[in-house]
Amino acid sequence: MSDVTKTVQKWHASFKKGTDFDSWGQLVEAIDEYQILARQLQKEVQSSNLHDFTEEQKKTLGKFATCLEMRSAALQCTQSQEEFKLEDLKKLEPIIKNILTYNKDFPFDVQPVPLRKILAPGEEENLDVEEELDAGTGAGSTPSFPSRVPGTLLPRLPSEPGMTLLTLAIEKIGLKEAGQCIDPYITVSVKDLNGIDLNPVQETPVATRKEDTYIHFSVEVEIQKHLEKLPKGAAIFFEFKHYKPKKRFTSTKCFAFMEMDEIKPGPIVIELYKKPTDFKRKKLNLLTKKPLYLHLNQTLHKD
């Protein structure tokens, strides 16, 4: 069996897993599976390798990724009318299963989602070499990431009398292998005690620069619910993600979270935990014993 056939089989299995979770009402797991598969397809679409898939097949994969994102978004937003339903998504199964031979028109009028620029494995090694050279010559330069992604950040909600809104400035994250992370970004979500989304999930743009053991974001995230309306036990999660070229997908490296009693104006540093992300906060393992954290700054807005 060829590598490309194995890849298609993995995609199909992932799609089936996601739609099964979806039909069983396991929405958090379904969203995770859809988003992982969408990113895998986006990376393939962006690859310059034309040996595995034709340009036409890549366009189809891009549209397929868009549908996964649309279904994921519908599940995340409690006020959504679920414009893209599970039954619609299931109509796409023959496409992902038979992408190598599929030659019909795509059944939905959608466009591929914007793509994230990636670095090839060799380029990743070059970045590390450049850092060593800078350290050796005392140049002290701070290489920027070569790509910029708009992210999915949302504007601040309208103010309401007596209600409080929270702006979180994500300053930087400390990681011992910061220089090796490709296209790093952070997914921000607000969950209840059962790990169910209370807000639309937001993603930061790709980080602006890296410096020593830090990756800098310098971006503001507007929490999409007044704090008084969040249930007891809610928490804000931050998942640090980066692209793995060898595995050809985006991976969660670690996560952090803030509970409601930690919300107060000013700077805060929060601990990093090993993946997988435990939204129920029951099995937490610190990522490192080193003093490396997620650095935030909180601003409260109250009318």
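A cavity is a set of points, on a 1 Å grid over the protein atoms alone, where a 1.4 Å probe fits but cannot get out, and lining residues have an atom within 4 Å of a point. The exercises below use a predicted model, in which local features need pLDDT of at least 70, side-chain atom pairs count only at pLDDT 80 or more, and totals for chains, interfaces and linings use all residues. Residues are numbered from 1 along each chain as its sequence is written, and side-chain values use heavy atoms, with hydrogens and water left out.

**Exercise 1. Cavities**

Find how many cavities of 30 Å³ or more there are, and describe the lining of the largest cavity.

Solution. 
- Step 1: The count is two cavities of 30 Å³ or more. A volume is the space filled by probe spheres set on the grid points, which are joined across faces, edges and corners.
- Step 2: Lining the largest cavity are Val28, Ile31, Asp32, Gln35, Thr187, Ser189, Lys191, Asp197, Val201, Glu239 and Phe279.
- Step 3: Helices (H or I, at least four residues) and strands (E, at least two) are DSSP runs, numbered from the N terminus. At least two lining residues come from each of helix H2 (27-46) and strand E2 (182-191); H2 has the largest share, four residues.
- Step 4: Ala, Val, Leu, Ile, Met, Phe, Trp, Tyr, Cys and Pro count as nonpolar, Asp, Glu, Lys and Arg as charged, and the others, Gly among them, as polar. The lining of the largest cavity then divides into four nonpolar, three polar and four charged residues.

**Exercise 2. The second largest cavity**

Which residues line the second largest cavity, and which element gives the most to its lining?

Solution. 
- Step 1: The lining consists of Val188, Ser189, Val190, Asn199, Pro200, Gln202 and Ile223.
- Step 2: E2 gives the most to this lining, with three residues.
- Step 3: By class, the lining of the second largest cavity has four nonpolar, three polar and no charged residues.

**Exercise 3. The second largest pocket**

Describe the second largest pocket by volume and by lining.

Solution. 
- Step 1: A pocket is an open set of points with protein on both sides within 12 Å along at least five of seven lines. The second largest pocket has about 350 Å³ of space.
- Step 2: It is lined by 15 residues, of which Thr7, Lys10, Trp11, Lys247 and Arg248 are the closest to its centre.
- Step 3: Helix H1 (3-24) and H2 each supply at least two lining residues; H1 gives the most, six.
- Step 4: The classes are four nonpolar, two polar and nine charged residues.

**Exercise 4. The five-stranded sheet**

Solution. 
- Step 1: Two strands pair if DSSP finds at least two bridges between them. The order is E4-E5-E1-E10-E8, with antiparallel pairing.
- Step 2: Strand E4 (209-211) and strand E8 (266-270) are the edge strands, each pairing on one side only.
- Step 3: Strand E1 (residues 164-174) and strand E5 (residues 214-222) run antiparallel and are joined by seven bridges. Ile173 has Ile215 as its bridge partner in E5, and Lys172 stands opposite His216.
- Step 4: E4 and E5 pair antiparallel over three bridges, with Lys210 opposite Ile215. In their hairpin, which has two residues between the strands, Asp212 takes a positive phi near 55°.
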